[in-house]
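Work through the exercises below with the sequence and the model open. Each task is followed by a solution in steps.

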Amino acid sequence: MTAAIAAGRPDWDALATRARKRRRATTALLYCVLVLGSLPVVVPYLWLLTVAVSGRMGASTVVLWRTLAVVMPALVLWSILRLAVEDARRLRLFEFSLGAVTLLVLGAVIGPYLHADNFRFLWNANIADTLKGAGGVGNRYPSVWVAFGNSLMLAGTQMVLVVVTSTFAGYYLSRFDFRGRGGYLKGLLILHAFPAMSLIVPIFLIMYWVGLMDTLTGVVLVIVALELPFAIFVMKGFFDAVPWDIEMSAMTDGASRRQAFFLVVLPQVKVGMIAVAVFAFLRGWEEYVFVRTLIFANSNWTMSLYLFWMQDDIMGTDYAMVSAMGLFYVLPSIVLYTLCQKYLTQMSVGGIKG
Amino acid sequence: MAKIELRRVAKSWGEVAAVEPTDLTIGDGEFVAILGPSGCGKSTTLFMLAGIYTPTGGDILFDGQRVNDVEARDRNVGIVFQSYALYPNMSVRDNILFPLRFKDVDKAAAAARADAAARLVQVHELMDRRPGQLSGGQQQRVALARALVKEPQLLLLDEPLSNLDASLRLTMRSEIRSLQRKLGVTTLLVTHDQIEATTMADRVICMSRGRIEQVGTAEDLYHRPNSVFVAGFIGSPPINLLACSVDAGTLRVGEAKLRATGGAGECVLGVRPESVALGTGPFRGRVGDLEPHGRETIYHLETALGPLRALEAGASARFRLGDEVSFAISATLLFDARTTRRIEGAGADMPA
Ligand SMILES: Nc1ncnc2c1ncn2[C@@H]1O[C@H](COP(=O)(O)OP(=O)(O)OP(=O)(O)O)[C@@H](O)[C@H]1O
Ligand SMILES: [Mg+2]
C-alpha cells in the first residue's frame, strides 16, 4: 500500500478488501458478545419453559441441557452463515433449512419428554387435591382463574385510572401556568424517586383506617398513587412536543378548547398514552409487595400471590406445575410487549423546564 | 369582509411590553403588511386580532364593533401560522373541512366548499394525503385553503413564506396577492422580509420594538422614511447613515463640510447607496472593497465623509480595489439625532 501511495495512486482494491475484512471482524465480535451476554438472561426463561412443558414432579434440568445442546450450535452456525453468505436469497434459504433441521433435532431429542400435565391447573378447579402430600389443604386454593381475573381487574382498573389522570394532568401542566407549577414538577420527580417500600407501614395503617384493607380497590388506589408522578411527567413531555399553534389554529377554526384537545391534541399523544398504559398495566400485573401486605382472603388473590402460596404453602411442592403457572403468568406481559413494542420505544421523558 | 380598527391596543407580558398602545385602521378588502425585525411584536398584534391573545389595553373593532371579549372561535378569522399548524392526524381533506365542522353547513355543501378552496390553491389532487407527506409549499397552500374555506372576514398570514425556497416564495407571493384581489378579503400579512411586504401589500406598517414607526406605501417608506429606523430597515443594500452636526447652514460629517438645507445641532445624514454616483462629482474616495453581484456592484468607499456604500448598476465593475474615484451624492435625508425623526425638506449634497 505504501508502494501504491508512493506511486501516487492508492490501490483501491486492496483498501476495499481491507475495509470489508475489518467490517466482517467487527460483526463477528458483535455476534459473540451478544450471544454470550444474552445467555444468562435467556437461560432462566428457557429453563422455565422446558420445565413447564416437560417436568414431572420436581425441577429436572435434562431437557434444558438437551435444548441448549441443540440450540447453541445452531446459533453459532447461524452467526457464521450471516457472516459468510452475502447473497440475500441464498442466505434466506440456508437460514430456513437451518431452522428446520434445528426444530427436527430438537423434536427428536426432547420430544419424548414433552407433556401438558403441568398445565392441569388451568382446567382443574380444585388444584390442591391433585398434589401429592397436600392432603387436607382441600379447597383452601381457589381456581387459578379467580386469581387471573383479580390480576386482570387490578392491572386494568389501575391502568385506566393512571392513563386518564396522567393525560389530563400532563396536559394541564404542559399548557397552563399556575402558582407553584415549577415546585409541583420537581415534587413529581422527587415522589418518583421515593422508594415505595418505605411507605408500607403508613399505607397499611391508612388502608386499615379507611376500611379498604383486604380489597382490590385499596391496592389499585395505592399503586395508582405511586405510579402517577412518573406517568404525569411522561405525558407532560408528550404534550410539550405538540406545537402550541396547532391548538390555537383549531380554536380560531371554531373549536372550543375541549374540542381542540380531543380532536387535535389528543391524537398526537396517542403513542404516549399507549406507552403509559402498557407500563401501568405491567406494573399492576406484576404487583407483589402491596398485594402481599394488604390482601388476605384467597378470593382476592392475584396471580403473584397465587404463585407465592402455591410454592410456599404446600408440602412437597410440584415445581414443574409452579413453572407452568409462572409461564402462564408471564404470557400476558410478553404478548402485550410484543404488540406494543413499536410504541414503547418512542417513549421519552420531557425536560422539567418549559 | 370587514374594516378593522385598533384603538390604543397594547399587550404586555408582566413587565415586558410586547406591543405599545397602537392605533391602526385597515380598510375593507385592503391588503396590509406588518414589517419589522424579529421580536418587534408582529405576531402578538396578529394574535390579538385573531383573539388568541387578549389585549392588555385598548379596543379592537371589527366593522365598528368592539370584539375584545369575543372568543377566537367566534371571530371568523382565517389564520395561516408560520409553521402552518396543519393537523397531522388528519388528511388534507379533513384539514380543510375542519373549520366547517363547527359551522352550520351540511355535509355535501361542506365538501363542495372544501373542494373549491383546494382548487383555488391547487391542492385538490392531494386531498387524501397526510400533511407529513406534503412538501413545504404544498403544506402552505393547504393551510391557506383551510384559512379561506370558512370565508373569513379577516385573513391573517404570519410569515407564511419564510419556510419556502426562494423560487417558490416568488410564485407564492404573486399567487397570494392575486387570490386576495379575487376574493377581496381584508388581509394582514406579517413578515420580516421587506420585499415581500412591499411587493404584496397595498400599505406597509413598519414596526419596531412594539411600536408602529410608519404606515405607508412602499414608495413612502423608501423615499420619505419617518425615522432613522425605517430608513435603515427598508432598502437593500442598506442606506448609509452618518452622524453629523449642522451649524448655520454648514454640515460637518467626518472630516468634510457640506452645505446644508435645514436642520440644526446633532443630526444623522442618510444617503442611499444608489444615490452615490461614481465617476464625476465634487467628492473623492478610495475603493476599499467591492462586491460584484453580476447585475450590479456594491463599492465600499473610504471618503472624507466616512465609509460609504455605493451601488452601481452594470454587469462589470468599472473600478478596482484601491482606485481613487470622484463621486456625487443626491437625494440625501437628514434626521434629528435626538428624536431620530426625519427633518422634512432637509439635506446636504454639495461641499461647503
Ligand atoms: N407568550 C409570551 N410570553 C412572554 N413574552 C412573549 C410571549 N410572546 C411573545 N413575547 C415577547 O413579546 C415580544 C414580541 O413577540 P412577537 O412574537 O410578537 O415577535 P415577532 O415580531 O412576531 O417576532 P418574529 O419575527 O421572531 O416572529 C418578544 O420580545 C417576545 O419575547
Ligand atoms: Mg412571529
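## Exercise 1: the shell around ligand 1

Task: Determine which element supplies the largest share of the shell around ligand 1, and describe the shell by residue class.

Solution. The model is a predicted one. Start with the elements: α1(B) provides the largest share of the shell, three residues. Next, list the members: the residues around ligand 1 are Trp13(B), Ala18(B), Ser38(B), Gly39(B), Cys40(B), Gly41(B), Lys42(B), Ser43(B), Thr44(B), Glu159(B) and His192(B). Then sort the shell by class, which gives three nonpolar, six polar and two charged residues.

## Exercise 2: the interface of chain B and chain A

Task: How much area do chain B and chain A bury between them, and which residues of chain B lose the most?

Solution. The size of an interface is often given as the accessible area lost when the parts come together. Here chain B and chain A bury about 1600 Å², with 64% of it on carbon and sulfur atoms. On the side of chain B, the residues that lose the most area to chain A are Arg73(B), Tyr87(B) and Phe102(B), together 32% of what that side buries. In residues, the contact draws 22 from chain B and 17 from chain A.

## Exercise 3: polar pairs and elements in the interface

Task: Count the salt bridges and polar contacts between the two chains, then assign the touching side of chain B to elements and classes.

Solution. The count of salt bridges is two. One of them can be checked directly: Asp253(A) pairs with Arg146(B), and their closest N and O atoms are 3.7 Å apart. That distance passes because the salt-bridge limit is 4 Å. Nine residue pairs are in polar contact across the interface, both residues at pLDDT 80 or more. Elements giving two or more residues to this side of chain B are α1 (42-50), β6 (77-80) and α2 (92-101). Of these, α2(B) gives the most, with three residues. By class, the side of chain B that touches chain A holds 16 nonpolar, two polar and four charged residues.

Technical notes: Residues are numbered from 1 along each chain as its sequence is written. Chains are lettered from A and ligands numbered from 1 in the order in which they are written. This is a predicted model: local features need pLDDT of at least 70, side-chain atom pairs count only at pLDDT 80 or more; totals for chains, interfaces and linings use all residues. Side-chain values use heavy atoms; hydrogens and water are left out. Contact means heavy atoms within 4.5 Å. Buried area is the accessible area (1.4 Å probe) that two parts lose on being put together, summed over both. A salt bridge is a side-chain nitrogen of Lys or Arg within 4 Å of a carboxyl oxygen of Asp or Glu. A polar contact is a pair of N or O atoms within 3.5 Å; within protein, one must be able to donate a hydrogen and the other to accept it, and residues adjacent in sequence count only if both atoms are side-chain atoms. Helices (H or I, at least four residues) and strands (E, at least two) are DSSP runs, numbered from the N terminus. Ala, Val, Leu, Ile, Met, Phe, Trp, Tyr, Cys and Pro count as nonpolar, Asp, Glu, Lys and Arg as charged, and the others, Gly among them, as polar. A residue is near a molecule or strand if one of its heavy atoms lies within 4 Å of it.
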